[in-house]
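I opened a new notebook page for this structure.

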Amino acid sequence: MVTIAICDDEEIQRNLLKKLVEAWAAGRNHALRVSLFASGKELLEAWKKERCDIVLLDIQMPDMDGMDAARRLRETDGQTGIFFVTGYEDYLVQGYEVEAFRYLIKPVSEEKLCGALDLFLKKRDGQRKLLMAETPEGIRRMDAAEICYAEAFAHSCELHTLSECITVKTGISALEKETEKLGLSFFRCHRSYLINIAQVRAVEKEAAVFPGGIRVPVSRRLYQELNRRFIEYFLRTDRR
């Protein structure tokens with residue numbers, strides 16, 4: 001399923017974009033969920049509970065403009081595709097600052113919007129690394145980038161993602177080896193916890209902090225190594 005948030009203070013524009021993305025999804029047989037927001041504040045409030053694959057975001061809005069909303073989104077999310085949809089060309093440089101995927105000028109043409117959506121999904125899926133795991137319901141494929149951390153329970157683990165908690169019939173050591181095979185930036189910070197450094201927001205003496213302020217224990221003897229890897233990861237990604 002593709003999830004898309006449309007944020008524009010004008011109802012006519014919200015509904016127009018909704019029709020365009022619905023036509024795009026129907027033409028490509030994509031399951032789609034669309035959420036509409038009239039302000040950046042509404043979008044950010046909803047973001048605390050559920051995130052989207054793509055955001056179509058107007059820039060000039062009252063209270064909080066789209067550029068400020070995008071900066072706030074990027075504080076906790078580097079994966080979502082931000083598409084600025086605006087009647088002005090003055091914000092192109094600022095768009096690079098928040099890693100906007102596209103900058104579409106109103107009135108948005110269906111051809112340009114559909115082409116941009118297609119390209120985003122193609123690039124995202126090409127970069128996506130999937131983790132295969134057995135759950136009580138059967139084998140499941142998960143986007144490894146969405147996993148925050150794994151917690152060990154006897155011969156199983158709970159995978160805490162950005163949106164849900166999944167029980168898998170895999171021990172934490174086997175899970176650690178699988179993430180190493182995929183070349184993922186995971187780290188065993190405690191005998192019972194395996195964390196995704198890409199989702200860590202801060203490293204404290206006794207905890208790794210994740211979106212929403214969730215804290216995962218860090219062994220004292222592993223704090224220095226985790227802190228080093230955390231710094232190296234973000235220095236590396238900033239240079240890309």
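**Entry 1: two helices.** I began with direction: α2 and α3 are roughly parallel to each other, a label that covers angles under 35 degrees. The pair packs at an angle of about 15°, and the axes lie 9 Å apart. I took axes as lines fitted to C-alpha atoms over the stretch in contact, with angles from 0 to 180 degrees between N-to-C directions. Helices here are DSSP runs of H or I with at least four residues, strands are runs of E with at least two, and both are numbered from the N terminus. The crossing of α2 with α3 is right-handed, that is, the near helix is turned clockwise from the far one by less than a right angle.

Next I looked up who touches whom. From α2, G40, L43, L44 and W47 meet A69, R72 and L73 of α3; contact means heavy atoms within 4.5 Å. By class I found five nonpolar, one polar and one charged residues in this contact. Ala, Val, Leu, Ile, Met, Phe, Trp, Tyr, Cys and Pro count as nonpolar, Asp, Glu, Lys and Arg as charged, and the others, Gly among them, as polar.

**Entry 2: source notes.** The model is predicted: local features need pLDDT of at least 70, side-chain atom pairs need 80 or more, and totals for chains, interfaces and linings use all residues. Residues are numbered from 1 along each chain as its sequence is written, and side-chain values use heavy atoms, without hydrogens and water.

**Entry 3: the second largest pocket.** I counted 21 lining residues, with W47, K48, R51, P211 and G212 nearest the centre. Which helix gives the most to this lining? It is α2, with four residues. Also supplying at least two each are α3, β8 (147-153) and β9 (156-161). The lining splits into ten nonpolar, four polar and seven charged residues.

**Entry 4: backbone.** I noted a cis peptide bond between K106 and P107, with omega about -10°. P107 sits in the loop between β5 and α5. E99, not a glycine, has a positive phi of about 55°. I placed E99 in the loop between α4 and β5. Most residues other than glycine have a negative phi, and most peptide bonds are trans.

Technical notes: On a 1 Å grid over the protein atoms alone, a cavity is a set of points where a 1.4 Å probe fits but cannot get out, and a pocket is an open set with protein on both sides within 12 Å along at least five of seven lines; lining residues have an atom within 4 Å of a point. Angles under 35 degrees count as roughly parallel, over 145 as roughly antiparallel, 65 to 115 as roughly perpendicular and the rest as oblique.
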